[in-house]
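Subject: Handover of a structure and its findings

Dear colleague,

Please find below the structure that I am handing over to you.

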Amino acid sequence: MAIKLNKWDSAKYLKTEEDIADYFALCMEEAGDDAAFIAHALGVIARARSMTQLANDTGLGRESLYKALSGEGNPSFATILKVIKALGLKLGAAQVAHA
């Protein structure tokens, strides 16, 4: 008897603005210096909302957004900033203690 497994999709569980903000904050903490991780997290949020709407709001092509936010693309910082703004998110800064 074969076991059927479904691929986990975090986008299915981002139902509220609070869910999205918490998810993004946790991803920012977890990412360290991994820019692809952040791009992928933004892609998950975009899929939870609407990639088509994000394309309209940013003026960027839907297919190019899928690629850039896949975690395998290499989006410019300007693209990341446009996406963050269009998704209603905000980047923040905090002092980090060095060991």
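The notes below go from the whole chain to single residues.

This is a predicted model, in which local features need pLDDT of at least 70 and side-chain atom pairs count only at pLDDT 80 or more, while totals for chains, interfaces and linings use all residues. Residues are numbered from 1 along each chain as its sequence is written, and side-chain values use heavy atoms, with hydrogens and water left out.

Overall chain

The protein chain has 5 helices and 0 strands, and from the N terminus its elements run α-α-α-α-α. Helices (H or I, at least four residues) and strands (E, at least two) are DSSP runs, numbered from the N terminus. Along the principal axes, the C-alpha atoms occupy a box of roughly 55 × 40 × 25 Å. Of the 99 residues, 29% are buried; buried means under 20% relative accessible area, exposed over 50%, and partly exposed in between (1.4 Å probe, protein chains only). A contact means heavy atoms within 4.5 Å. Among contacts with a separation of 6 or more, 53% join residues 24 or more positions apart.

Nonpolar core

A nonpolar core is a set of buried Ala, Val, Leu, Ile, Met, Phe, Trp, Tyr and Cys residues joined through side-chain atoms within 4.5 Å. The largest one has 24 residues, and Leu42, Ile45, Leu54, Leu69 and Leu89 have the most contacts inside it. Two or more residues each come from helix 1 (17-31), helix 2 (35-49), helix 3 (51-58) and helix 5 (77-86). Helix 2 gives the most, with 7 residues. Leaving out residues up to four places away in sequence, Leu69 touches Ala39, His40, Leu42, Gly43, Ala46, Leu54, Ile80 and Val83.

Phe24 lies in helix 1. Phe24 counts as buried because its relative accessible area is 4%. Beyond four places in sequence, Phe24 touches Ile38, Leu42, Ile45, Ile84, Leu89, Lys90 and Leu91.

Val44 belongs to helix 2. With a relative accessible area of 2%, Val44 is also buried. Apart from neighbours within four places in sequence, Val44 is in contact with Ser10, Ala11, Leu14 and Tyr23.

Largest pocket

On a 1 Å grid over the protein atoms alone, a pocket is an open set of points where a 1.4 Å probe fits, with protein on both sides within 12 Å along at least five of seven lines; lining residues have an atom within 4 Å of a point. The largest pocket holds about 210 Å³ of space, where the volume is the space filled by probe spheres set on the points. Its lining has 13 residues, of which Ala35, Ile38, Ala39, Phe77 and Ile80 lie nearest the centre. Helix 2 and helix 5 are the elements that give two or more residues to this lining, and helix 2 gives the most, with 4 residues. The lining divides into 10 nonpolar, 3 polar and no charged residues. Here Ala, Val, Leu, Ile, Met, Phe, Trp, Tyr, Cys and Pro count as nonpolar, Asp, Glu, Lys and Arg as charged, and the others, Gly among them, as polar.

Aromatic pair

The whole structure has 1 aromatic pair. Trp8 and Tyr13 form this pair, which is stacked at 4.6 Å centre to centre with 5° between the planes. Rings of Phe, Tyr and Trp (its six-membered ring) pair if their centres lie within 6.5 Å; planes under 30 degrees apart count as stacked, over 60 as edge-to-face and the rest as tilted. Trp8 is exposed at 61% relative accessibility, whereas Tyr13 is partly exposed at 48%.

A colleague
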